[in-house]
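Please go through the labels used for this protein. For each one, set the value against the cut-off behind it.

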Amino acid sequence: MDASIKLSNLTQEWFDSLQGWRLQFFFIPATLVTLITFSTNPVLLTCIFLSRALRQETRYLLVANTLAADLLFLMLNLATVFCNALGVHIPPMLCQLDMVFTVTSYCCAILTVTVMVADTYAAVRWPLHYRELLPPARTVRILVGLWVVAALYPLSMWIMMEMTQGNASAVDTPICLVLISLGFIQATNMVGVHIYFCASALVCTLLIVYCYVRLYMVTKTQGIWQSRYSRARVTLLAHGVLLLLYFVPGLVFTVELFLFQQEDMSQDARVWINTINMCILMLLPRAFAPCLYGLRYREISDTLVQLLHRRRGLSKVTGA
């Protein structure tokens with residue numbers, strides 16, 4: 001069967017299954033979580049960039065990059081969910097660009113939270129040389145490098161799609177999904193797609209585990225782990241849960257790519273798994289990230305309080 005016809009039939013069946021199971025109503029929790037995050041992330045970003053002291057701290061630059069990547073991902077994800085739920089046709093070129101930017105923003109967030117763990121390890125392991133190792137200028141270059149690395153493979157996949165699929169990539173389809181776009185690339189380059197996602201997840205996981213183990217070994221003689229509810233234990237637990245929430249949707253998506261090629265797999269099951277992953281699992285870490293990486297940092301909380309007091313004072317002066 002011609003690739004363009006196969007793509008058109010697949011997306012139409014997907015849309016029919018989506019409508020048949022009323023899964024378009026999953027856009028309600030997706031919208032709520034996105035709106036909540038959109039009301040907190042810009043505030044935290046404003047606090048970081050308006051404070052000269054916070055802009056000079058590596059960890060806050062990393063937090064800002066995570067929040068920015070999450071905002072981009074949430075915006076693209078919500079637009080895709082809305083268009084698919086309402087049956088709005090997205091032009092093929094925009095759909096492909098959506099795939100590139102969605103994968104880039106998701107991968108950049110994963111890479112940034114991984115670097116945040118490595119940054120914490122460096123700050124504890126070499127406290128006297130930490131500022132020399134990671135000055136603000138070097139941190140900015142690292143962040144630019146993270147975005148380049150995160151965008152490199154999606155861009156190469158987009159170019160590959162244009163070169164190998166030809167007219168199939170320009171087919172106007174009822175829905176636009178990253179899974180379907182990558183699934184069709186995977187049909188011709190299965191090894192490359194799986195190596196990219198699995199190898200990236202493995203490298204990030206190993207680096208995180210290594211840093212946390214070394215952190216424990218370095219600090220275990222300082223007595224900060226003795227209390228069951230010590231700040232170190234609570235912080236480690238909170239960070240571990242958030243990292244798990246970031247990585248699990250990626251693992252589920254990798255499984256989705258594998259199931260996409262299984263012809264005996266139920267189409268309804270694929271639609272259910274993808275919808276739950278897009279509308280719930282991928283949004284959970286982005287809903288909790290502002291609370292943990294933002295409001296838990298005392299300096300950000302203090303800056304936020306100062307901005308609110310300053311705004312209240314200006315309001316009183318204006319009112320007087």
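The model is predicted: local features need pLDDT of at least 70, side-chain atom pairs count only at pLDDT 80 or more, and totals for chains, interfaces and linings use all residues. Residues are numbered from 1 along each chain as its sequence is written, and side-chain values use heavy atoms, with hydrogens and water left out.

Q: How many helices and strands are there in the protein?
A: There are 13 helices and zero strands. Helices are DSSP runs of H or I with at least four residues, strands are runs of E with at least two, and numbering starts from the N terminus.

Q: Why is helix 2 called roughly antiparallel to helix 4?
A: The axes of helix 2 (residues 27–50) and helix 4 (residues 58–86) cross at roughly 155 degrees and come within 9 Å. Axes are lines fitted to C-alpha atoms, for helices over the stretch in contact, and angles run from 0 to 180 degrees between N-to-C directions. Angles under 35 degrees count as roughly parallel, over 145 as roughly antiparallel, 65 to 115 as roughly perpendicular and the rest as oblique. Helix 2 is therefore roughly antiparallel to helix 4.

Q: What makes helix 4 and helix 5 roughly antiparallel?
A: Helix 4 and helix 5 (residues 92–125) pack at about 155 degrees, with axes 9 Å apart. The two are therefore roughly antiparallel to each other.

Q: In which hand does helix 4 pass helix 5?
A: The crossing is left-handed. That label applies if the near helix is turned anticlockwise from the far one by less than a right angle; clockwise would be right-handed. Helix 2 also passes helix 4 in a left-handed crossing.

Q: What makes R131 and E57 a salt bridge?
A: The term asks for a side-chain nitrogen of Lys or Arg within 4 Å of a carboxyl oxygen of Asp or Glu. For R131 and E57, the N to O distance is 3.1 Å. R131 in helix 6 (residues 130–133) and E57 in the loop between helix 3 (52–55) and helix 4 are 74 residues apart. The structure holds three salt bridges.

Q: Why is R131 called exposed?
A: Exposed means over 50% relative accessible area, buried under 20%, and partly exposed in between (1.4 Å probe, protein chains only). R131 has 55%, so it is exposed.

Q: Which parts does the salt bridge of R59 and E299 tie together?
A: The closest N and O atoms of R59 and E299 are 3.3 Å apart. R59 lies in helix 4 and E299 in helix 13 (residues 298–319), so the pair ties together parts 240 residues apart in sequence. R59, at 29%, is partly exposed, and so is E299, at 34%.

Q: How do you know whether D70 is buried or exposed?
A: D70 has a relative accessible area of 0%, so it is buried. Its salt-bridge partner is R286, with the closest N and O atoms 3.2 Å apart. R286 is also buried, at 0%.

Q: Which residues form the nonpolar patch on the surface?
A: W21, W272, I276, I280, L284 and F288 form it, with about 510 Å² of accessible area together. Patches are made of residues with over 30% relative accessible area and no salt bridge; like charges are joined within 9 Å, nonpolar side chains (Val, Leu, Ile, Met, Phe, Trp, Tyr) within 5 Å. Areas come from the Shrake-Rupley method with a 1.4 Å probe, and for residues only the protein chains shown count as cover. I276, at 31%, counts as partly exposed.
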